[in-house]
Amino acid sequence: MTVISWKKVYATGIIALDDEHRQLIDQINRLYEAIRDKQEETALNDSLKMLEYYTLTHFQHEENLMMEYGFPGLEEHKKKHQELIVIVQDLKMRASSDTDGLAQELLRLLRTWVLEHILDVDKQYGPFLESRGGRFIS
Ligand SMILES: [Fe+2]
């Protein structure tokens with residue numbers, strides 16, 4: 001069972017970035033399944049590790065493309081990315097002392113943040129990049 005299924009409406013139109021978004025959604029589903037199976041501790045650590053890497057590489061990827069193609073909303077978008085980076089750092093710090101309920105908190109946060117971010121923020125660059133570089137820019 002999954003908590004989020006990929007829907008057409010999530011697609012930005014840029015295949016490389018959509019693939020990365022799918023990976024994040026897969027991770028959210030893994031976290032959900034681990035909580036369900038009472039494996040919170042491992043899931044929390046795995047998810048935080050993945051998120052640290054993801055916020056570094058995927059956000060950089062998006063920001064590089066927006067910069068390269070002169071997307072006007074770049075600075076605003078970077079601020080939104082920064083918000084999640086701070087949240088992940090905070091959760092990581094808290095996870096080092098007390099993990100109680102943290103996996104559930106992370107799941108709730110990711111479900112809301114990721115879907116809102118993809119639908120409201122990432123989709124803004126979709127048509128812009130698509131009209132300039134096409135779907136297959138990487
Ligand atoms: Fe983004």
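Visitor: What does I25 touch, not counting residues up to four places away in sequence?
Guide: I25 touches I4, W6 and Y10, where contact means heavy atoms within 4.5 Å. This is a predicted model, where local features need pLDDT of at least 70, side-chain atom pairs count only at pLDDT 80 or more, and totals for chains, interfaces and linings use all residues. Residues are numbered from 1 along each chain as its sequence is written, and side-chain values use heavy atoms, with hydrogens and water left out.

Visitor: Where's I25, and is it buried or exposed?
Guide: I25 is in helix 1; helices are DSSP runs of H or I, at least four residues, numbered from the N terminus. I25 counts as buried because its relative accessibility is 2% (buried is under 20% relative accessible area, exposed over 50%, partly exposed in between, with a 1.4 Å probe and protein chains only).

Visitor: OK, switching to cores. Which residues touch the most other members in the largest nonpolar one?
Guide: L31 and L106, out of 29 residues in that core. A nonpolar core is a set of buried Ala, Val, Leu, Ile, Met, Phe, Trp, Tyr and Cys residues joined through side-chain atoms within 4.5 Å.

Visitor: Which helix gives the most to this core?
Guide: Helix 4, with nine residues.

Visitor: And what does L106 touch?
Guide: Leaving out residues up to four places away in sequence, L106 touches L31, L44, S47, L48, L51 and L91. There's also a second, separate core of ten residues, with I14, L17, L65 and L129 among them.

Visitor: Now the packing. How do helix 2 and helix 4 sit?
Guide: Helix 2 (residues 40-68) and helix 4 (residues 102-132) pack at about 15°, with axes 12 Å apart. So helix 2 is roughly parallel to helix 4 (under 35 degrees is roughly parallel, over 145 roughly antiparallel, 65 to 115 roughly perpendicular and the rest oblique). Axes are lines fitted to C-alpha atoms, for helices over the stretch in contact, and angles run from 0 to 180 degrees between N-to-C directions.

Visitor: What about helix 2 with helix 3?
Guide: Their axes come within 10 Å and cross at roughly 165°, which means helix 2 is roughly antiparallel to helix 3. On the helix 2 side, the contact includes L44, L48 and F59, and on the helix 3 side L84, I85 and L91 are among the residues.

Notes. Helices (H or I, at least four residues) and strands (E, at least two) are DSSP runs, numbered from the N terminus.
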